[in-house]
Amino acid sequence: MTNSLLQLPVKKALITMAAPAAVGMLMTFLFQLVDSYFIGQLGSAELAAISFSYPVYFFLISFFIGSAIAVSANVGQALGSQDENKAQGLTSLSLFFFMLLLFILGGLAFYFESLSIDSIFILLGAKAEMLSLVGEYMLPLYLGLFLLIGTLVANSALMAKGVMVKSTVVMASGGLINLVLDYLLIFGFDLSIFDYQLQPMGLAGAAWATVISWLVMLVLMFVLLIQQQLFEVSKLMLTTAKSWSQAREWFKEVYSLAVPAIAAQILAPIAIAVVTRFVAMSGGEAGSEAAVAAYGLVIRIESLGLVGI
């Protein structure tokens with residue numbers, strides 16, 4: 001298992017890594033901006049609902065982006081030292097661990113709606129009548145976040161090996177799928193040839209379009225991981241004390257880098273959440289909804305530029 005990235009000059013290697021990585025991260029946050037375009041056509045209340053959701057979505061993604069950064073660094077270090085077993089094992093275990101963790105947390109968030117929707121978004125300044133709209137959008141995302149996290153971790157491992165273009169194409173394809181499905185699921189469609197009609201799903205349609213696109217990206221990422229010999233099911237079989245000890249050592253290395261990366265990543269969504277709260281308190285009963293909708297749209301556009309950098 002060779003790494004062509006190690007043979008490149010430093011400047012070219014940095015550009016080769018940075019450009020696709022920036023595009024991949026941009027695609028991750030572009031999902032919400034695409035959603036905003038179509039949801040904005042439903043009304044200001046719906047747009048305000050996803051604006052309230054953005055700090056929570058951003059916080060969860062940022063937490064695991066920090067973890068993905070650490071996985072990438074450790075996999076890259078293993079590949080650089082020709083330790084193919086560690087690179088494959090660390091990628092496989094990281095994918096399983098983070099996806100399982102998000103699957104459990106997402107399921108709990110979906111089940112305990114009163115906490116994951118009502119309590120959190122009232123704290124952000126959402127009015128009681130807004131919570132049902134927020135729930136329509138956020139509950140499917142809670143359930144599907146493990147798919148996105150798997151995609152991010154897989155993408156980080158592939159980039160550590162220098163597989164930039166293919167992984168970026170996968171991320172871009174997810175964005176295109178989301179674009180098409182957003183329109184179809186939000187507004188519905190009629191296939192008269194087959195005598196089939198899908199009713200408009202509104203906010204829920206936007207959320208499910210995003211989840212489906214995450215699923216497609218994850219499947220394609222797994223194909224690339226297997227092709228690059230970075231994923232092996234047997235690495236998940238921790239059947240001996242030695243294998244458990246080895247896995248613990250690998251995760252200690254990951255989180256020695258992940259903790260500071262996570263701390264840096266989550267500052268932005270925390271700041272956005274605080275500002276969202278203040279914006280929601282302004283403008284009175286009628287004005288706060290429009291104000292939050294406008295602020296949410298602007299901050300999503302701004303976030304694209306910051307993530308790209």
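Reader: Which residue forms a salt bridge with Lys-86, and how far apart are the closest N and O atoms?

Author: Start with the general idea: side chains of opposite charge can pair when their charged atoms come close. Keep in mind that this is a predicted model. Here the partner of Lys-86 is Glu-253, with the closest N and O atoms 2.5 Å apart. Glu-253 sits in helix H8 (residues 241-265) and Lys-86 in helix H3 (residues 84-111), so the pair ties together parts that are 167 residues apart in sequence.

Reader: Is Lys-86 buried or exposed?

Author: Buried means under 20% relative accessible area. Lys-86 comes out at 11%, so it's buried. Glu-253, at 27%, is partly exposed.

Reader: How many salt bridges does the structure hold?

Author: Two. Besides the Glu-253 and Lys-86 pair, the side chains of Glu-249 and Lys-252 meet at 3.8 Å, N to O. Both of those residues lie in helix H8, three residues apart, which is about one turn of the helix. On accessibility, Glu-249 is partly exposed at 38%, while Lys-252 counts as exposed at 55%.

Reader: Where is Ile-104 found, and how accessible is Ile-104?

Author: Ile-104 is in helix H3, and its relative accessibility of 45% makes it partly exposed. Patch residues need over 30% relative accessible area, so Ile-104 at 45% clears that cut-off.

How values were computed
Residues are numbered from 1 along each chain as its sequence is written. This is a predicted model: local features need pLDDT of at least 70, side-chain atom pairs count only at pLDDT 80 or more; totals for chains, interfaces and linings use all residues. Side-chain values use heavy atoms; hydrogens and water are left out. A salt bridge is a side-chain nitrogen of Lys or Arg within 4 Å of a carboxyl oxygen of Asp or Glu. Helices (H or I, at least four residues) and strands (E, at least two) are DSSP runs, numbered from the N terminus. Buried means under 20% relative accessible area, exposed over 50%, partly exposed in between (1.4 Å probe, protein chains only).
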